Amino acid sequence: MSSPAPTPALLDRTPGERDATRPQETAERQADPGRNHHCGSRRGGTGSPVPTPALLSRARLIVLAAVLGIAATTTPTTALAQPIGQCTPPSETPVTTASWAQQRMAADRAWPLTRGDVIVGVVDTGVSASAPALSGAVLPGTDLQGGPGNGDCFGRGTFLASLIAARPSSDPHVPFAGVAPDAKIFPVRVSDDPPKIQDHAGLANSIAKGIRAAVDGGARVVAVGLVATLDMPDLRAAIAYASARDVLVVAPAAVPKKGQLAFPARIPGVLAVAPVGPEGPVQSPTYGADPAIAAPAQQLVGVAPQGAGHRLSSGNELAVAYVAGAAALVRAYHPALPAPEVAARLLNAADHPSTPLPNKIIGYGVVDPFAAVTTIPNTDPPATPVPEDLAVPKPAVADPAPTTRALWLAGGITAAALLLAGPVIAAAARRRREN
(Lines give C-alpha, C1' and ligand atoms only; values in the text may rest on other atoms or scores of the structure.)
Protein backbone atom coordinates (compact mmCIF):
# COMPACT_ATOMS: atom_id res chain seq x y z
CA MET A 1 0.00 0.00 0.00
CA SER A 2 1.11 3.53 -0.64
CA SER A 3 0.40 4.92 2.81
CA PRO A 4 3.23 5.19 5.38
CA ALA A 5 3.69 2.45 7.92
CA PRO A 6 1.54 2.68 11.05
CA THR A 7 3.30 3.47 14.30
CA PRO A 8 4.83 0.55 16.25
CA ALA A 9 2.32 0.94 19.05
CA LEU A 10 -0.43 0.05 16.65
CA LEU A 11 1.44 -2.77 14.97
CA ASP A 12 2.07 -4.56 18.24
CA ARG A 13 -1.50 -5.78 18.21
CA THR A 14 -2.64 -8.95 16.54
CA PRO A 15 -5.24 -9.19 13.73
CA GLY A 16 -8.60 -7.99 14.76
CA GLU A 17 -7.32 -4.68 16.13
CA ARG A 18 -7.09 -2.51 13.01
CA ASP A 19 -10.28 -2.25 10.98
CA ALA A 20 -12.16 0.00 8.63
CA THR A 21 -14.35 1.77 11.18
CA ARG A 22 -15.65 5.29 11.06
CA PRO A 23 -13.22 8.00 12.27
CA GLN A 24 -15.52 8.90 15.15
CA GLU A 25 -15.60 5.29 16.37
CA THR A 26 -11.80 5.22 16.19
CA ALA A 27 -11.59 8.40 18.24
CA GLU A 28 -13.94 7.05 20.87
CA ARG A 29 -11.87 3.91 21.31
CA GLN A 30 -8.64 5.88 21.54
CA ALA A 31 -10.18 8.26 24.03
CA ASP A 32 -11.21 5.43 26.35
CA PRO A 33 -8.07 3.60 27.57
CA GLY A 34 -10.16 1.54 29.95
CA ARG A 35 -11.53 -0.62 27.16
CA ASN A 36 -9.91 -4.00 26.89
CA HIS A 37 -9.35 -6.06 23.77
CA HIS A 38 -10.66 -9.46 24.61
CA CYS A 39 -13.64 -11.64 23.89
CA GLY A 40 -16.01 -12.11 26.76
CA SER A 41 -18.03 -14.83 25.10
CA ARG A 42 -17.00 -17.56 22.71
CA ARG A 43 -19.64 -16.76 20.16
CA GLY A 44 -20.65 -13.26 21.25
CA GLY A 45 -22.16 -10.76 18.83
CA THR A 46 -20.41 -7.72 17.49
CA GLY A 47 -22.51 -5.04 19.09
CA SER A 48 -21.89 -1.28 18.94
CA PRO A 49 -19.22 0.65 20.85
CA VAL A 50 -20.37 2.27 24.09
CA PRO A 51 -20.24 6.04 23.58
CA THR A 52 -17.93 7.95 25.90
CA PRO A 53 -17.85 11.68 26.71
CA ALA A 54 -14.11 11.95 26.09
CA LEU A 55 -14.13 12.55 22.32
CA LEU A 56 -11.12 13.91 20.49
CA SER A 57 -11.63 17.23 18.78
CA ARG A 58 -11.84 17.40 15.01
CA ALA A 59 -8.47 19.13 14.89
CA ARG A 60 -6.84 16.34 16.86
CA LEU A 61 -8.40 13.75 14.54
CA ILE A 62 -6.89 15.51 11.53
CA VAL A 63 -3.47 15.64 13.17
CA LEU A 64 -3.73 11.98 14.20
CA ALA A 65 -4.69 10.94 10.67
CA ALA A 66 -1.76 12.90 9.27
CA VAL A 67 0.66 11.27 11.69
CA LEU A 68 -0.56 7.77 10.97
CA GLY A 69 -0.77 8.39 7.24
CA ILE A 70 -4.11 6.58 7.06
CA ALA A 71 -6.99 7.87 4.95
CA ALA A 72 -10.28 6.65 6.37
CA THR A 73 -11.98 6.64 2.99
CA THR A 74 -9.46 4.40 1.26
CA THR A 75 -7.56 2.45 3.90
CA PRO A 76 -8.47 0.79 7.17
CA THR A 77 -8.35 2.93 10.29
CA THR A 78 -7.58 1.76 13.78
CA ALA A 79 -9.90 -0.06 16.13
CA LEU A 80 -7.78 -0.29 19.24
CA ALA A 81 -10.33 -2.09 21.36
CA GLN A 82 -13.97 -2.94 21.76
CA PRO A 83 -16.22 -2.96 24.81
CA ILE A 84 -15.62 -5.66 27.36
CA GLY A 85 -17.63 -8.79 26.65
CA GLN A 86 -17.92 -8.23 22.93
CA CYS A 87 -16.06 -9.61 19.94
CA THR A 88 -14.14 -7.95 17.14
CA PRO A 89 -16.43 -5.36 15.54
CA PRO A 90 -17.33 -5.51 11.86
CA SER A 91 -15.28 -3.71 9.23
CA GLU A 92 -17.41 -1.67 6.84
CA THR A 93 -14.91 0.36 4.78
CA PRO A 94 -13.50 -1.49 1.75
CA VAL A 95 -9.94 -0.92 0.60
CA THR A 96 -9.75 0.08 -3.04
CA THR A 97 -5.98 -0.26 -3.47
CA ALA A 98 -4.15 -3.57 -3.61
CA SER A 99 -1.82 -3.97 -0.64
CA TRP A 100 1.92 -4.23 -1.14
CA ALA A 101 1.73 -7.87 -0.09
CA GLN A 102 -0.94 -8.74 -2.63
CA GLN A 103 1.09 -7.01 -5.34
CA ARG A 104 4.25 -8.81 -4.23
CA MET A 105 2.57 -12.22 -4.25
CA ALA A 106 0.84 -11.61 -7.63
CA ALA A 107 -0.96 -14.92 -7.17
CA ASP A 108 -3.53 -13.98 -9.81
CA ARG A 109 -0.93 -14.82 -12.48
CA ALA A 110 -1.44 -18.48 -11.56
CA TRP A 111 -5.25 -18.38 -11.57
CA PRO A 112 -5.63 -19.26 -15.27
CA LEU A 113 -3.96 -22.56 -14.32
CA THR A 114 -5.22 -23.13 -10.79
CA ARG A 115 -7.20 -21.32 -8.13
CA GLY A 116 -6.30 -23.75 -5.36
CA ASP A 117 -9.40 -25.93 -5.12
CA VAL A 118 -8.27 -27.95 -2.09
CA ILE A 119 -9.09 -27.88 1.62
CA VAL A 120 -6.79 -25.81 3.83
CA GLY A 121 -6.95 -26.21 7.60
CA VAL A 122 -6.60 -23.07 9.73
CA VAL A 123 -5.69 -23.91 13.33
CA ASP A 124 -6.19 -20.72 15.33
CA THR A 125 -9.23 -18.82 16.65
CA GLY A 126 -11.84 -20.21 14.29
CA VAL A 127 -12.97 -18.70 10.98
CA SER A 128 -16.18 -16.77 10.50
CA ALA A 129 -18.43 -18.17 7.82
CA SER A 130 -20.32 -14.86 7.98
CA ALA A 131 -17.48 -12.83 6.45
CA PRO A 132 -18.76 -11.82 2.99
CA ALA A 133 -15.34 -12.30 1.37
CA LEU A 134 -15.35 -15.90 2.60
CA SER A 135 -18.91 -16.71 1.54
CA GLY A 136 -19.09 -20.38 0.61
CA ALA A 137 -15.46 -20.97 1.52
CA VAL A 138 -15.72 -21.98 5.18
CA LEU A 139 -16.58 -25.52 6.20
CA PRO A 140 -18.16 -26.18 9.62
CA GLY A 141 -14.82 -27.24 11.09
CA THR A 142 -14.48 -27.88 14.79
CA ASP A 143 -14.06 -26.16 18.12
CA LEU A 144 -11.81 -28.10 20.48
CA GLN A 145 -14.21 -27.15 23.28
CA GLY A 146 -17.11 -28.62 21.32
CA GLY A 147 -19.21 -27.59 18.35
CA PRO A 148 -18.18 -26.20 14.96
CA GLY A 149 -15.29 -23.82 14.37
CA ASN A 150 -16.91 -21.60 11.74
CA GLY A 151 -17.29 -18.61 14.07
CA ASP A 152 -14.54 -16.28 15.26
CA CYS A 153 -14.63 -13.86 18.18
CA PHE A 154 -11.00 -12.75 18.23
CA GLY A 155 -10.67 -12.30 14.47
CA ARG A 156 -7.20 -13.63 13.66
CA GLY A 157 -8.32 -16.95 12.22
CA THR A 158 -10.68 -15.14 9.87
CA PHE A 159 -7.92 -12.74 8.84
CA LEU A 160 -5.60 -15.67 8.08
CA ALA A 161 -8.32 -17.45 6.12
CA SER A 162 -8.99 -14.32 4.07
CA LEU A 163 -5.35 -14.10 3.01
CA ILE A 164 -5.59 -17.72 1.90
CA ALA A 165 -9.01 -18.00 0.28
CA ALA A 166 -10.97 -14.73 0.13
CA ARG A 167 -13.13 -14.65 -2.97
CA PRO A 168 -12.61 -11.72 -5.38
CA SER A 169 -15.12 -8.91 -4.90
CA SER A 170 -17.86 -8.27 -7.43
CA ASP A 171 -16.89 -4.59 -7.16
CA PRO A 172 -14.14 -3.95 -9.73
CA HIS A 173 -12.80 -1.15 -7.53
CA VAL A 174 -12.03 -3.58 -4.69
CA PRO A 175 -8.96 -5.65 -5.63
CA PHE A 176 -8.61 -7.72 -2.46
CA ALA A 177 -8.60 -11.50 -2.86
CA GLY A 178 -6.83 -14.45 -1.27
CA VAL A 179 -3.94 -16.34 -2.81
CA ALA A 180 -6.10 -19.40 -3.57
CA PRO A 181 -9.65 -18.09 -4.08
CA ASP A 182 -11.17 -21.51 -4.76
CA ALA A 183 -9.77 -23.12 -1.61
CA LYS A 184 -12.07 -24.36 1.12
CA ILE A 185 -11.20 -23.57 4.74
CA PHE A 186 -11.50 -26.16 7.51
CA PRO A 187 -11.43 -24.02 10.68
CA VAL A 188 -10.22 -25.31 14.02
CA ARG A 189 -10.78 -23.08 17.03
CA VAL A 190 -8.11 -23.63 19.66
CA SER A 191 -8.51 -20.37 21.60
CA ASP A 192 -10.68 -17.26 21.64
CA ASP A 193 -7.90 -15.09 23.08
CA PRO A 194 -4.37 -16.27 22.16
CA PRO A 195 -2.50 -13.41 23.91
CA LYS A 196 -3.80 -14.64 27.26
CA ILE A 197 -2.58 -18.21 26.88
CA GLN A 198 -0.15 -19.08 29.68
CA ASP A 199 -0.17 -22.88 29.58
CA HIS A 200 2.17 -23.61 26.68
CA ALA A 201 2.25 -27.33 27.35
CA GLY A 202 -1.52 -27.32 27.09
CA LEU A 203 -1.29 -25.11 24.00
CA ALA A 204 1.08 -27.55 22.32
CA ASN A 205 -1.31 -30.41 22.99
CA SER A 206 -4.24 -28.35 21.72
CA ILE A 207 -2.38 -27.50 18.52
CA ALA A 208 -1.74 -31.22 18.12
CA LYS A 209 -5.47 -31.93 18.42
CA GLY A 210 -6.18 -29.13 15.96
CA ILE A 211 -3.77 -30.51 13.36
CA ARG A 212 -5.30 -33.97 13.66
CA ALA A 213 -8.80 -32.52 13.34
CA ALA A 214 -7.84 -30.61 10.19
CA VAL A 215 -6.22 -33.69 8.65
CA ASP A 216 -9.30 -35.77 9.45
CA GLY A 217 -11.40 -32.98 7.92
CA GLY A 218 -9.73 -33.50 4.56
CA ALA A 219 -7.15 -30.70 4.64
CA ARG A 220 -4.18 -31.13 2.31
CA VAL A 221 -2.46 -28.08 3.81
CA VAL A 222 -2.66 -26.97 7.45
CA ALA A 223 -1.81 -23.39 8.44
CA VAL A 224 -1.07 -23.08 12.15
CA GLY A 225 -1.40 -19.52 13.42
CA LEU A 226 -0.45 -20.35 17.02
CA VAL A 227 3.03 -20.87 18.47
CA ALA A 228 3.79 -23.10 21.44
CA THR A 229 7.14 -22.75 23.16
CA LEU A 230 7.31 -26.30 24.50
CA ASP A 231 7.98 -29.54 22.66
CA MET A 232 5.35 -32.13 23.51
CA PRO A 233 5.11 -35.77 22.36
CA ASP A 234 1.50 -35.28 21.26
CA LEU A 235 2.54 -32.47 18.94
CA ARG A 236 5.28 -34.53 17.32
CA ALA A 237 2.84 -37.39 16.95
CA ALA A 238 0.34 -35.06 15.26
CA ILE A 239 2.98 -33.93 12.74
CA ALA A 240 3.81 -37.57 12.04
CA TYR A 241 0.08 -38.22 11.64
CA ALA A 242 -0.17 -35.44 9.06
CA SER A 243 2.97 -36.57 7.21
CA ALA A 244 1.71 -40.14 7.00
CA ARG A 245 -1.47 -38.82 5.35
CA ASP A 246 0.41 -36.59 2.90
CA VAL A 247 -0.56 -33.27 4.52
CA LEU A 248 1.77 -30.26 4.54
CA VAL A 249 1.89 -28.32 7.83
CA VAL A 250 2.95 -24.64 7.79
CA ALA A 251 3.80 -22.79 11.02
CA PRO A 252 5.47 -19.56 12.22
CA ALA A 253 9.19 -19.55 12.93
CA ALA A 254 9.03 -16.37 15.05
CA VAL A 255 8.37 -16.29 18.80
CA PRO A 256 7.31 -13.43 21.11
CA LYS A 257 10.46 -13.41 23.25
CA LYS A 258 14.12 -14.08 22.70
CA GLY A 259 15.22 -17.50 23.91
CA GLN A 260 11.86 -19.17 23.30
CA LEU A 261 11.44 -22.11 20.95
CA ALA A 262 8.80 -22.30 18.24
CA PHE A 263 6.61 -25.38 17.93
CA PRO A 264 5.50 -26.97 15.71
CA ALA A 265 7.90 -25.07 13.40
CA ARG A 266 10.96 -26.82 14.90
CA ILE A 267 9.61 -30.29 14.19
CA PRO A 268 11.01 -31.95 11.04
CA GLY A 269 8.50 -31.98 8.22
CA VAL A 270 6.93 -28.62 9.16
CA LEU A 271 7.51 -25.66 6.85
CA ALA A 272 8.75 -22.85 9.14
CA VAL A 273 7.83 -19.38 7.87
CA ALA A 274 9.64 -16.09 8.53
CA PRO A 275 7.91 -12.68 8.38
CA VAL A 276 8.82 -9.86 5.99
CA GLY A 277 7.50 -6.32 5.62
CA PRO A 278 7.23 -3.83 2.77
CA GLU A 279 10.91 -2.96 3.10
CA GLY A 280 12.18 -6.52 3.51
CA PRO A 281 12.82 -8.72 6.57
CA VAL A 282 11.35 -7.42 9.81
CA GLN A 283 13.78 -5.63 12.09
CA SER A 284 15.39 -7.76 14.78
CA PRO A 285 13.29 -10.89 14.27
CA THR A 286 13.13 -13.31 17.16
CA TYR A 287 13.14 -16.86 15.89
CA GLY A 288 12.43 -20.05 17.74
CA ALA A 289 13.08 -22.18 14.67
CA ASP A 290 15.26 -21.92 11.57
CA PRO A 291 13.07 -20.37 8.87
CA ALA A 292 12.70 -22.28 5.62
CA ILE A 293 10.77 -19.66 3.65
CA ALA A 294 9.42 -16.14 4.14
CA ALA A 295 6.19 -14.28 3.39
CA PRO A 296 4.52 -10.90 4.09
CA ALA A 297 3.44 -10.30 7.67
CA GLN A 298 3.35 -6.52 8.11
CA GLN A 299 0.72 -3.96 7.02
CA LEU A 300 -1.56 -6.57 5.47
CA VAL A 301 -5.10 -6.06 4.25
CA GLY A 302 -7.62 -8.72 5.25
CA VAL A 303 -11.16 -9.08 6.55
CA ALA A 304 -12.93 -9.10 9.89
CA PRO A 305 -15.38 -11.77 11.05
CA GLN A 306 -18.24 -9.45 10.10
CA GLY A 307 -18.73 -6.67 7.59
CA ALA A 308 -18.02 -6.15 3.90
CA GLY A 309 -15.00 -3.93 4.52
CA HIS A 310 -11.36 -4.65 5.27
CA ARG A 311 -8.85 -4.12 8.04
CA LEU A 312 -5.14 -3.56 8.27
CA SER A 313 -3.09 -5.80 10.54
CA SER A 314 0.44 -6.98 11.28
CA GLY A 315 1.75 -10.05 13.04
CA ASN A 316 4.58 -12.50 12.47
CA GLU A 317 2.17 -15.43 12.44
CA LEU A 318 0.24 -14.00 9.48
CA ALA A 319 3.03 -15.00 7.08
CA VAL A 320 1.86 -18.62 7.20
CA ALA A 321 -1.27 -17.67 5.23
CA TYR A 322 0.60 -16.75 2.06
CA VAL A 323 2.71 -19.90 2.15
CA ALA A 324 -0.36 -22.05 2.81
CA GLY A 325 -2.18 -20.35 -0.06
CA ALA A 326 0.73 -20.97 -2.42
CA ALA A 327 0.83 -24.60 -1.28
CA ALA A 328 -2.88 -24.89 -2.06
CA LEU A 329 -2.27 -23.65 -5.61
CA VAL A 330 0.51 -26.22 -6.08
CA ARG A 331 -1.50 -29.08 -4.60
CA ALA A 332 -4.48 -28.31 -6.82
CA TYR A 333 -2.39 -28.06 -10.00
CA HIS A 334 -0.09 -30.99 -9.17
CA PRO A 335 -2.46 -33.32 -7.27
CA ALA A 336 -0.10 -36.30 -7.42
CA LEU A 337 2.81 -34.38 -5.89
CA PRO A 338 3.49 -35.58 -2.32
CA ALA A 339 3.73 -33.06 0.51
CA PRO A 340 7.57 -33.10 0.81
CA GLU A 341 7.86 -32.34 -2.90
CA VAL A 342 5.31 -29.55 -2.59
CA ALA A 343 7.48 -28.03 0.14
CA ALA A 344 10.60 -28.49 -2.00
CA ARG A 345 8.88 -26.81 -4.94
CA LEU A 346 7.96 -23.82 -2.77
CA LEU A 347 11.56 -23.50 -1.58
CA ASN A 348 13.12 -23.93 -5.01
CA ALA A 349 10.77 -21.42 -6.61
CA ALA A 350 11.10 -18.80 -3.87
CA ASP A 351 12.71 -15.42 -4.51
CA HIS A 352 16.15 -16.46 -3.30
CA PRO A 353 18.42 -13.97 -1.54
CA SER A 354 21.93 -13.41 -2.86
CA THR A 355 23.48 -15.28 0.06
CA PRO A 356 24.23 -18.92 0.79
CA LEU A 357 21.02 -20.88 1.28
CA PRO A 358 19.21 -21.17 3.56
CA ASN A 359 19.54 -17.58 4.75
CA LYS A 360 19.30 -17.30 8.54
CA ILE A 361 16.67 -14.53 8.28
CA ILE A 362 14.42 -15.59 5.38
CA GLY A 363 15.42 -19.18 4.63
CA TYR A 364 15.23 -19.87 0.89
CA GLY A 365 13.57 -16.53 0.25
CA VAL A 366 10.11 -15.03 -0.17
CA VAL A 367 7.43 -17.39 -1.45
CA ASP A 368 6.45 -16.95 -5.12
CA PRO A 369 3.06 -18.58 -5.82
CA PHE A 370 3.22 -18.29 -9.62
CA ALA A 371 6.74 -19.70 -9.87
CA ALA A 372 5.85 -22.52 -7.45
CA VAL A 373 3.01 -23.58 -9.75
CA THR A 374 4.73 -23.15 -13.11
CA THR A 375 8.42 -23.96 -12.57
CA ILE A 376 9.46 -27.20 -14.23
CA PRO A 377 12.18 -28.75 -12.07
CA ASN A 378 15.12 -30.41 -13.76
CA THR A 379 14.95 -33.99 -12.52
CA ASP A 380 17.38 -35.46 -15.06
CA PRO A 381 20.57 -36.85 -13.52
CA PRO A 382 23.70 -34.94 -14.50
CA ALA A 383 25.18 -36.29 -17.73
CA THR A 384 28.63 -37.88 -17.55
CA PRO A 385 30.86 -36.45 -20.31
CA VAL A 386 32.49 -38.95 -22.69
CA PRO A 387 36.27 -39.04 -22.05
CA GLU A 388 38.33 -37.62 -24.92
CA ASP A 389 41.29 -39.58 -26.33
CA LEU A 390 43.88 -36.95 -27.24
CA ALA A 391 46.82 -39.35 -27.94
CA VAL A 392 48.28 -39.14 -31.48
CA PRO A 393 49.38 -42.61 -32.68
CA LYS A 394 52.86 -42.99 -34.16
CA PRO A 395 53.26 -44.58 -37.61
CA ALA A 396 54.20 -48.25 -37.58
CA VAL A 397 57.16 -47.78 -40.06
CA ALA A 398 59.26 -44.62 -40.31
CA ASP A 399 58.86 -42.79 -43.62
CA PRO A 400 62.36 -41.81 -45.03
CA ALA A 401 60.90 -39.57 -47.72
CA PRO A 402 60.71 -36.37 -45.65
CA THR A 403 64.34 -36.68 -44.56
CA THR A 404 65.53 -37.38 -48.12
CA ARG A 405 63.59 -34.43 -49.46
CA ALA A 406 65.03 -32.19 -46.76
CA LEU A 407 68.62 -33.23 -47.61
CA TRP A 408 68.11 -32.68 -51.33
CA LEU A 409 66.58 -29.29 -50.63
CA ALA A 410 69.47 -28.26 -48.38
CA GLY A 411 72.03 -29.45 -50.95
CA GLY A 412 70.27 -27.61 -53.76
CA ILE A 413 70.18 -24.41 -51.79
CA THR A 414 73.89 -24.70 -50.97
CA ALA A 415 74.85 -25.36 -54.64
CA ALA A 416 72.81 -22.41 -55.83
CA ALA A 417 74.45 -20.20 -53.27
CA LEU A 418 77.94 -21.29 -54.44
CA LEU A 419 77.08 -20.70 -58.09
CA LEU A 420 75.85 -17.23 -57.35
CA ALA A 421 78.75 -16.34 -55.08
CA GLY A 422 81.52 -17.85 -57.26
CA PRO A 423 82.07 -14.86 -59.67
CA VAL A 424 82.03 -12.43 -56.82
CA ILE A 425 84.68 -14.42 -54.95
CA ALA A 426 86.88 -14.70 -58.08
CA ALA A 427 86.69 -10.94 -58.76
CA ALA A 428 87.65 -10.17 -55.23
CA ALA A 429 90.67 -12.50 -55.50
CA ARG A 430 91.90 -10.78 -58.73
CA ARG A 431 91.68 -7.37 -57.09
CA ARG A 432 93.80 -8.55 -54.20
CA ARG A 433 96.47 -9.90 -56.57
CA GLU A 434 96.56 -6.70 -58.65
CA ASN A 435 96.99 -4.63 -55.52
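In which loop is the place of Gln299? Gln299 is placed in the loop between β8 (293-296) and β9 (300-302), where helices (H or I, at least four residues) and strands (E, at least two) are DSSP runs numbered from the N terminus.

The views below show a predicted model, in which local features need pLDDT of at least 70, side-chain atom pairs count only at pLDDT 80 or more, and totals for chains, interfaces and linings use all residues. Residues are numbered from 1 along each chain as its sequence is written, and side-chain values use heavy atoms, with hydrogens and water left out.

**Figure 1. Overview of the protein.** The protein has 11 helices and 10 strands. Of its 435 residues, 49% count as buried; buried means under 20% relative accessible area, exposed over 50%, and partly exposed in between (1.4 Å probe, protein chains only). Among contacts between residues at least 6 apart in sequence, 74% join residues at least 24 apart, a contact being heavy atoms within 4.5 Å.

Figure 2. Most residues other than glycine have a negative phi, and most peptide bonds are trans. Phi of Gln299 is positive, near 55 degrees. Gln299 counts as buried, at 11% relative accessibility. Ala106, which is not a glycine either, has a positive phi of about 45 degrees. Ala106 lies in the loop between α4 (100-105) and β1 (119-124) and is buried, with a relative accessible area of 15%.

Figure 3. Phe263 and Pro264 are joined by a cis peptide bond with omega of about 15 degrees. Pro264 belongs to the loop between β5 (248-252) and β6 (270-277). The bond from Leu357 to Pro358 is also cis, with omega near -5 degrees. Pro358 is found in the loop between α9 (339-349) and α10 (369-374).

Figure 4. Arg311 is in β10 (residues 311-313). With a relative accessible area of 1%, Arg311 is buried. A polar atom of the Arg311 side chain lies 3.0 Å from the backbone oxygen of Pro89. The side chain of Arg311 also makes a polar contact with the side chain of Ser91 (3.2 Å). A polar contact is a pair of N or O atoms within 3.5 Å; within protein, one must be able to donate a hydrogen and the other to accept it, and residues adjacent in sequence count only if both atoms are side-chain atoms. Arg311 and Pro94 are 217 residues apart along the chain, and their C-alpha atoms are separated by 8.3 Å.

Figure 5. Ser191 is buried, with a relative accessible area of 11%. A polar atom of its side chain lies 3.0 Å from the backbone nitrogen of Asp193. Not counting residues up to four places away in sequence, Ser191 touches Asp124, Thr125 and Ile197.

**Figure 6. Arginine side chains over aromatic rings.** The charged end of Arg115 sits over the ring of Trp111, 5.3 Å from its centre. The charged end of Arg212 sits over the ring of Tyr241, 4.5 Å from the ring centre. A charge sits over a ring if NZ of Lys or CZ of Arg is within 6 Å of the ring centre and within 35 degrees of the ring normal.

Figure 7. Phe159 lies in α5 (residues 156-165) and counts as buried at 0% relative accessibility. Phe159 and Ala304 are 145 residues apart in sequence and 6.3 Å apart in space, C-alpha to C-alpha. In α8 (residues 319-333), the 15 residues should span 21 Å at 1.5 Å a residue, and the end C-alpha atoms are 22 Å apart, which agrees. The expected span is 1.5 Å times one less than the number of residues in the helix. Because 13 of its 15 residues are buried, α8 is largely enclosed by the rest of the structure.

Figure 8. UniProt, in an unreviewed entry, places the feature "transmembrane region" at residues 406-429. UniProt positions are given in the numbering used here, feature names are shortened, and annotations may be inferred rather than shown by experiment. In the model, residues 406-429 are 100% helix and 0% strand, with end C-alpha atoms 33 Å apart.
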